[in-house]
Amino acid sequence: MPRISLLEPEQAEASAKRIMENLQKQFGVVIPPVKALAHKPDFLRSLLSLTTVADGPGEIDVGFKEILNIRASVLNGCHFCANMHSNMARMHKVGDDKAKAAQEGSSSDVFDEKEKAALRLCEESTRGVSVSDETFEALKTHYSEAQIVELLGAIALINTWNRLIVGMGF
């Protein structure tokens with residue numbers, strides 16, 4: 001049960017109401033965590049803006065970012081996010097084998113070495129924040145520095161969402 005009350009658009013202040021109405025038009029739904037975060041419209045707007053950048057098109061495949069989102073969410077015990085990102089992975093044409101293997105992570109044989117390097121980055125930075133030199137060097141064999149920054153940004157953001165959502169009781 002949510003620990004924070006959920007605001008409907010008509011209850012929210014004007015800026016949060018616009019955000020929720022836009023999300024409803026764009027996705028057909030406003031997820032409960034957004035309704036809770038509507039208590040702080042500036043924070044919600046900033047978080048959604050960052051999410052658009054982190055999870056959107058870039059040098060890293062959007063579908064693979066969903067794999068990272070699933071993996072971090074599983075590690076953080078955020079079932080809400082793990083389920084949501086599993087659905088989003090399907091929307092981005094990620095095969096069911098990879099979406100399911102994301103729960104297992106870098107130890108799964110479904111992923112190639114490049115994907116495993118990014119998954120190890122996700123696992124280490126989610127479990128303990130720091131990343132080993134070995135993991136970082138393996139990343140550099142597969143990804144440019146700009147891509148590594150993109151990976152780190154996407155992973156940091158899903159960890160932020162997980163902590164908010166689990167903390168709010170979803």
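This report covers salt bridges, a nonpolar core and a helix pair in a predicted model.

Residues are numbered from 1 along each chain as its sequence is written, and side-chain values use heavy atoms, without hydrogens and water. Because the model is predicted, local features need pLDDT of at least 70 and side-chain atom pairs count only at pLDDT 80 or more, while totals for chains, interfaces and linings use all residues. Helices are DSSP runs of H or I with at least four residues, numbered from the N terminus.

**Salt bridges**

Side chains of opposite charge can pair when their charged atoms come close. Here a salt bridge is a side-chain nitrogen of Lys or Arg within 4 Å of a carboxyl oxygen of Asp or Glu. The count by this rule is eight salt bridges, and the table gives some of them.

| Pair | N to O distance |
|---|---|
| Lys35 and Glu8 | 3.1 Å |
| Arg45 and Asp42 | 2.3 Å |
| Arg71 and Glu123 | 2.9 Å |

For accessibility, a residue is buried under 20% relative accessible area, exposed over 50% and partly exposed in between, with a 1.4 Å probe and protein chains only.

Lys35 forms a salt bridge with Glu8. Lys35 is in helix 2 (residues 32–37) and Glu8 is in the segment before helix 1 (14–27), so this pair ties together parts that are 27 residues apart in sequence. Lys35 is buried, at 17% relative accessible area, whereas Glu8 is partly exposed, at 30%.

Arg71 pairs with Glu123 in another salt bridge. Arg71 belongs to helix 4 (residues 62–75) and Glu123 to helix 7 (residues 113–128), so the pair ties together parts that are 52 residues apart in sequence. Arg71 is buried, with a relative accessibility of 6%, and Glu123 is buried with a value of 6%.

Arg45 and Asp42 both lie in helix 3 (residues 41–55), three residues apart, about one turn of the helix. Arg45 is partly exposed at 38% relative accessibility, and Asp42 is exposed at 52%.

**Nonpolar core**

A nonpolar core is a set of buried Ala, Val, Leu, Ile, Met, Phe, Trp, Tyr and Cys residues joined through side-chain atoms within 4.5 Å. The largest has 44 residues, and those touching the most other members are Phe64, Leu68, Tyr143, Leu151 and Trp161. Among the elements that give two or more residues to this core are helix 1, helix 4 and helix 7. Helix 9 gives the most, with seven residues.

Contact means heavy atoms within 4.5 Å. Apart from neighbours within four places in sequence, Phe64 is in contact with Glu115, Ala118, Leu119, Tyr143 and Leu151.

Ala117 is found in helix 7 and is buried, with a relative accessible area of 0%. Not counting residues up to four places away in sequence, Ala117 touches Thr135, Ala138, Leu139 and His142. Ala117 and Thr135 are 18 residues apart in sequence, and their C-alpha atoms are 6.8 Å apart.

**Helix 5 and helix 9**

Helix 5 (residues 79–91) packs with helix 9 (residues 145–167) at an angle of about 130°, with axes 9 Å apart. Axes are lines fitted to C-alpha atoms, for helices over the stretch in contact, and angles run from 0 to 180 degrees between N-to-C directions. Angles under 35 degrees count as roughly parallel, over 145 as roughly antiparallel, 65 to 115 as roughly perpendicular and the rest as oblique; helix 5 and helix 9 are therefore oblique to each other. The contact is made by Phe80, Cys81 and His85 of helix 5 and by Ile158, Asn162 and Ile165 of helix 9.
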